[in-house]
Amino acid sequence: FSRSFVAAKSGTSFSDRRFTFGAELLVENDNQDSPVEFALGDSEKAILRAAGNDRLKAARPGVEFVGAGKGQYLRKDTVVSAPSGVDTSIVLYRFAPGDSLDAVFSITFSYVGPGNGDYAIIALGRFQFAGLRRGSYSPIRFLPMPAAHRFTDIDAGARVTDELSVGGEYAVSNFDANRFSTIGDQDNTGPAASFNLRFSSGGVRVGGRDLGALDMNFKERYVDRRFVSPDRVNEIEFNRKWNIADSTKQDEELREGSLLYRPAPAISLAAGLGWMKRGEPFLSKRVTASANLGGEAQTKANYDFEVIRSQDASLDDRATWFRHRAGAEYPIGMFTPGIAYNGENLRSTGLSSGTVRQTSFRFNEIVPRLRIDSIGRMFLRAEAAWRCEDALSSGSLKPASTSLTQRYRWELQEWRDLSSSLDMT
């Protein structure tokens, strides 16, 4: 559909920027009377009016009769067992492009999500009946749904002292996924709010002695399940960070706190705690710790530890996920040898049964490396990664695979106006 978009934003500060205030408004509308490169008939509009905001209902049949010798699927009447256990008479379609007599249908299948469809994809362009609600595809064509989105955001911040600052943000969205229908419009509006506090001291002094720098951060956030942001608000690894496996929209509550201490410019120690709840079924807690040593042209070393404990009643899952990362390097003249380690252990069990689930895994990886920063104008780097992975077998984690990966890089930097590089893995 043709679309209109209007945005306005304003901000101000006062008291020497100790206080800030901002507001933003976005309005984005599809014109349901102006489709682009297609036409909606009265029957399609009636389907959209009855669908509300349900994407699965905004569809028309994908089965098309094309005649003998032209189709790829044949029709078959059969009796199957429904998830309730009751035998049901249904019509299903079987892929048989070689049957020039009975394969009289051409079918478009659409992805509807696991457990929402009756068909599974076998190969490109080939689908097979998997059982009622046991597949991810259905023989339907989705109709385009014209949407309307209004978004309002207000943020404020204050620098209480030179070390302490606070901030907050409140937003409201109104997202109508289908302008043709008024069904479900009472659930279009959802709020979101966040609060953050930061204390940053460049030098903590006790008895006239400098004990180093200290940073403390706290963040709290609430996102309603109906809230729709015009852009991504979570980091890319957000689901992995909290071990979220269910992508359905839920009310989210999140709290995080972190502490960073630098007793010397080349040393830093950090720790963090996190808590997250999504609706009633999901709860996750995180603990992190890290240590870093080194600066320019010095020995460098780091270690990061993370543990996530989560449970999801909707998936009957309880999980504990450990992650370790470490590295060190030591310059010797023009050579800088180093080594890195990366390891994870995810143990997932059923909440009710306690049995280990198939999503469990474990791996350890060791990576020795060598870097030569300057041979004339050339840069060289080489590393080899040994990785051992364990997977679930007979109820426990057992060795599943090993791998060796070699990586090499050569660079020529600005030699007579020429730069070049070569990577090989």
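Colleague: Is I375 buried, partly exposed or exposed?

Modeller: This is a predicted model. In it, I375 counts as partly exposed, because its relative accessibility is 32%.

Colleague: Which strand is I375 in?

Modeller: Strand β25, which covers residues 361-375.

Colleague: Switching topic. Where is R262 found?

Modeller: In strand β19, residues 252-264. R262 is partly exposed, with a relative accessible area of 28%.

Colleague: What does R262 touch, leaving out residues up to four places away in sequence?

Modeller: G212, A213, D215, I267 and S268. With D215 there is a polar contact, side chain to side chain, at 3.4 Å.

Colleague: How far apart are R262 and D215, in sequence and in space?

Modeller: They are 47 residues apart in sequence, and their C-alpha atoms are 8.7 Å apart.

Colleague: What stands opposite D215?

Modeller: S200 does, with D215 being in β18. Strand β15 (residues 189-201) and strand β18 (residues 213-223) run antiparallel and are joined by ten bridges.

Colleague: How many bridges join β18 to β19, and which way do they run?

Modeller: Eleven bridges, and the two strands run antiparallel. As one example, K219 has E256 in β19 as its bridge partner.

Conventions: Residues numbered from 1 in each chain as written. Predicted model: local features only at pLDDT ≥ 70, side-chain atom pairs only at ≥ 80, totals over all residues. Heavy atoms only, no water. Helix = DSSP H or I, 4+ residues; strand = E, 2+ residues; numbered from the N terminus. Buried < 20%, exposed > 50% of the residue type's maximum accessible area, 1.4 Å probe, protein only. Contact = heavy atoms within 4.5 Å. Polar contact = N/O pair within 3.5 Å; in protein donor to acceptor, adjacent residues only side chain to side chain. Pairing = 2+ DSSP bridges.
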